[in-house]
Amino acid sequence: MPILYNGSTREFHLQTEKTSYIFSVMENGQLGQLYYGKKLRHRESFERLFHVEATPNTACTTEGDLVFSLDLVKQEYPAYGTTDFREPAYQVLQEGGSRITDFVYQDHRIFGGKEKLEGLPATYAENDGEATTLEITLYDQEIDVEVRLSYTVFEELDAIARSARFTNYGEADVNLTRALSVSIDLPDANFEMVQLSGAWARERHIKNRRLVPGLQSIASTRGTSSAQQNPFLALKRPETTEHQGEVYGASLVYSGNFLAQVEVDHYDTARLMMGINPFDFNWLLKNGESFQTPEAVLVYSDAGLNGMSQTYHRLYRTRLARGKWRDRERPVLINNWEATYFDFDEQKIFELARSSKELGVELFVLDDGWFGKRDSDTSSLGDWFEDKRKLPNGITQLAKAITGLGMEFGLWFEPEMVSKASDLYNAHPDWVIHVPNRRMSHGRNQLVLDFSRQEVVDFIYGLMAKVLRDAPISYVKWDMNRYMTEVGSLGLPADRQREVAHRYILGVYSLYERLTSEFPHVLFESCAGGGSRFDPGLLHYAPQGWTSDDTDAVERLKIQYGTSLVYPVSSMGAHVSAVPNHQVGRVTSLETRANVAYFGAFGYELDVTMMTDTEKEQVKEQIRFYKENRSLIQQGQFYRIESPFAEDGNRTSWLVVSDDQSEALLGYYQVLSTPNPGLSRIFFKGLNPEFEYAIEGLDATFYGDELMGAGLQLNRYRLNEHPADFSSVVYKVKRV
Ligand code: DGJ
């Protein structure tokens, strides 16, 4: 049983395959944390893990007692204002102005499986045996409000998902000014905080910093999870590497404003917290209303960062992503964006599709510019019907013509946006996120539709569903190209204006839910000006996302390496594009561009009609190779070997290994060529030491133990034959 409860000590012991999470009801009725980390054998009581002692210069909860202070005690879901001076997990503003609460244990239930979170994406169990859930109800009698903490233990998948749900049973209104999803008090602060930070075209770069006393945080206030910070953080021991040592990961299944922070206090403990960003947030709870927080997924690994990543990959690929495409091999696609931008017509699109079909491409994606009167980014968002000037026979006919070639057809939408120059804006100027009598800021000449309003979501649903019903469309790229400003909604009263950003995200999720339910055959790819909303929330609906607008092979090393800290290879859209690269102007070989893009949901984004015959042959071969290996790539175990974020960062290597260890694919990349380079070896991971492997192109066989222990001497092989900048090699490794 993965959740054990001891009624006499009121202790809970949650166990996954390799971890233990232990807490208890304290003497004051609140929940105290005892332990989270490597699995401990169960015992009658873990009381000794509870620590409190008299400390100077503090406040204690009970008169006459100089010992019990929440200032020192590790807690599950801490409050501010009653002797704990650290930032709390929640705050409830009450009539009369008080923020003081006392949520004490009321009861709990343990059940097989996992219930859905209302309106929010979350991990799930396919049957009651896959996960066990503990729900603990805490109750504050004074205000008649309950908070239900939920813990789902994925025993085999080795992860714990947490969330909280507030319900107001009282007559009086209350306001949640803060309602985070998770809080963990770790007993020491000897950690580095690992985060994924960046910007447009350089998303999810890995950054590390040593914890210091005080608060350290990452957050988004942009209305999306953002390119600047990803809703993830890890705490690793300073000595932890990719493959060894302790690390705690926390990942938020959410696509909007978030906060992830660590507070190191004066006793050198570390409090990790994560949830909806309390900044500019408030949620009014009237009698009978509930508020559900998003889910946070916790992973502990003592096998380094890579061990943590593999746990997230498995869980997110198989029990967060869902639908028909979850386990299916993803089609090799071509997207016309970098080939044509807005400048295309039916003939051009058909030619691109026909030429790419000859090369083996399986899915043609028509990107931005097919609707309204969209010749540039200044108009037409919201008018989701075809531009007859460019497509005189309409989308349906074009889709039929392309599917007639034996390919699938996919289409781009940006459902959440509207251009001022559009029929939609003319008809409903009030349907945008804005504040009356204040200037509306623009981003990419567009405004954000008010998805906190049901009628707006319904209207966009109607337009999109019509296109998807009429035409043979089996893929949708769902884009979102600007952050939110002047956040306000005409659909909500004054005291609910701080709910807009979260309600907007709930609106986005509800549209995804409707469309994915009605069109289960459609593969959704999420996108937000590249990777500005690449998060677990959207992965629930869209099993792949556009990783970045930066398609340069060298830049992609960092982006894909960083993204892989949490997200599976199958979720990362990766395309071969033209050179000089449109984002950085770099010229890399077609081989290297493909060698990088192979490690993702693979595709092309260039004008194939302009390619030479030699290039076409090369592309044909690349597509053949990808198809041959895609189940390995998309479903295998991913190992990061050499990091582009290392001090010199000139080399990157990574590897995918099939579950049965019979085959693997190694990618090795060198940014700048070095004259007369030193010897270098690459140390494989995850192979079976007993298996004998052949490496395609090399005239020898190797046992797994040799490839992992002695490594493969690289310089004697291909990379040195043609020294060049941006060189790379992909090795197929197969058991003989
Ligand atoms: C931003 C996306 O990231 C691109 O791939 C492309 O779809 C453009 N938007 C189209 O406007």
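In which loop is P580 found? P580 sits in the loop between β29 (572-577) and α10 (590-597), where helices (H or I, at least four residues) and strands (E, at least two) are DSSP runs numbered from the N terminus. A cis peptide bond, with omega about -10°, links V579 to P580.

A quick word on what you're looking at: it is a predicted model, where local features need pLDDT of at least 70, side-chain atom pairs count only at pLDDT 80 or more, and totals for chains, interfaces and linings use all residues. Residues are numbered from 1 along each chain as its sequence is written, and side-chain values use heavy atoms, leaving out hydrogens and water.

Now look at two other loops. A201, in the loop between β11 (192-197) and β12 (205-210), has a phi near 70°, a positive value in a residue other than glycine. N437, in the loop between α5 (423-427) and β25 (446-448), also has a positive phi near 70°. Most residues other than glycine have a negative phi, and most peptide bonds are trans. A201 is buried, at 10% relative accessible area, while N437 is exposed, at 80%; buried means under 20%, exposed over 50% and partly exposed in between (1.4 Å probe, protein chains only).

In the side chain of K477, an N or O atom is 2.7 Å from a ligand oxygen, and one in the side chain of D479 is 2.7 Å from a ligand nitrogen. Taken alone the ligand exposes 290 Å², and the protein buries 98% of that (Shrake-Rupley method, 1.4 Å probe; for residues, only the protein chains shown count as cover).

Methods. A polar contact is a pair of N or O atoms within 3.5 Å; within protein, one must be able to donate a hydrogen and the other to accept it, and residues adjacent in sequence count only if both atoms are side-chain atoms.
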